[in-house]
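Trainee: I would like to go through this structure with you step by step, asking about one feature at a time. Could we put it on the screen before I start?

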Amino acid sequence: MANVRFVPNVAGYKEAMKSGDVISALMEIAQQQAARANGMAQVPGAKYEVANSYVGTTRANVSVGANNRAAWDDNDKNHTLSRLVGGS
């Protein structure tokens with residue numbers, strides 16, 4: 001059996017991870033997660049939203065965060081964002 005050698009195209013991976021399609025997919029997922037966090041919130045008036053998105057050197061990044069003081073308090077007390085991604 002012949003030896004097969006796989007040589008990854010790192011530049012291609014970086015380009016793909018920064019593409020518009022990936023950014024769109026990440027934004028959609030982040031919006032869904034923000035909606036989930038709003039549904040999980042236990043403090044009245046807490047509002048979570050997509051906090052920021054940017055393209056780094058190797059990939060696109062999107063984050064969800066607290067939009068107001070009630071959400072900060074909710075996250076501090078109930079760990080809403082940690083539970084959102086599978087924390088305790």
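Trainee: Leaving out residues up to four places away in sequence, which residues does Ala37 touch?

Mentor: Please keep in mind that this is a predicted model. Ala37 belongs to the largest nonpolar core, which has 6 residues, among them Tyr48 and Leu84. Once residues up to four places away in sequence are set aside, the residues that Ala37 touches are Tyr48, Thr80, Leu81 and Leu84.

Trainee: Which residues make up the largest nonpolar core?

Mentor: In soluble globular proteins, nonpolar side chains tend to be buried together. Here the largest such core has 6 residues, and they are Ala37, Ala46, Tyr48, Ala70, Ala71 and Leu84.

Trainee: Which element gives the largest share of the lining of the largest pocket?

Mentor: The largest pocket, with a volume of about 160 Å³, is lined by Leu26, Ile29, Ala30, Gln33, Val62, Ser63, Val64, Leu81, Leu84 and Val85. Two or more of these residues come from each of helix 2 (20–40), strand 2 (60–66) and helix 4 (80–84). The largest share, 4 residues, is given by helix 2.

Trainee: How many residues of that lining are nonpolar, polar and charged?

Mentor: Leu26 and Gln33 are among the residues that line the largest pocket, and leucine counts as nonpolar whereas glutamine counts as polar. Sorted in this way, the lining of the largest pocket holds 8 nonpolar residues, 2 polar and no charged.

Trainee: Is Asn78 buried or exposed?

Mentor: Asn78 lies in helix 3, which covers residues 69–78, and it touches Gln42, Val43 and Arg83 when residues up to four places away in sequence are not counted. The cut-off for the buried class is under 20% relative accessible area. Because its relative accessibility is 14%, Asn78 counts as buried.

Trainee: What is the value of phi at His79?

Mentor: His79 is placed in the loop between helix 3 and helix 4, and at 43% relative accessibility it counts as partly exposed. Most residues other than glycine have a negative phi. His79 is a residue other than glycine with a positive value, and its phi is near 55 degrees.

Trainee: Which residue in strand 2 stands opposite Asn52?

Mentor: Strand 1, residues 48–55, pairs with strand 2 in the antiparallel sense over 7 bridges, and the two strands form a hairpin with 4 residues between them. The residue of strand 2 that stands opposite Asn52 is Ser63.

Definitions and conventions:
Residues are numbered from 1 along each chain as its sequence is written. This is a predicted model: local features need pLDDT of at least 70, side-chain atom pairs count only at pLDDT 80 or more; totals for chains, interfaces and linings use all residues. Side-chain values use heavy atoms; hydrogens and water are left out. On a 1 Å grid over the protein atoms alone, a cavity is a set of points where a 1.4 Å probe fits but cannot get out, and a pocket is an open set with protein on both sides within 12 Å along at least five of seven lines; lining residues have an atom within 4 Å of a point. Grid points are joined across faces, edges and corners, and a volume is the space filled by probe spheres set on the points. A nonpolar core is a set of buried Ala, Val, Leu, Ile, Met, Phe, Trp, Tyr and Cys residues joined through side-chain atoms within 4.5 Å. Buried means under 20% relative accessible area, exposed over 50%, partly exposed in between (1.4 Å probe, protein chains only). Contact means heavy atoms within 4.5 Å. Two strands pair if DSSP finds at least two bridges between them.
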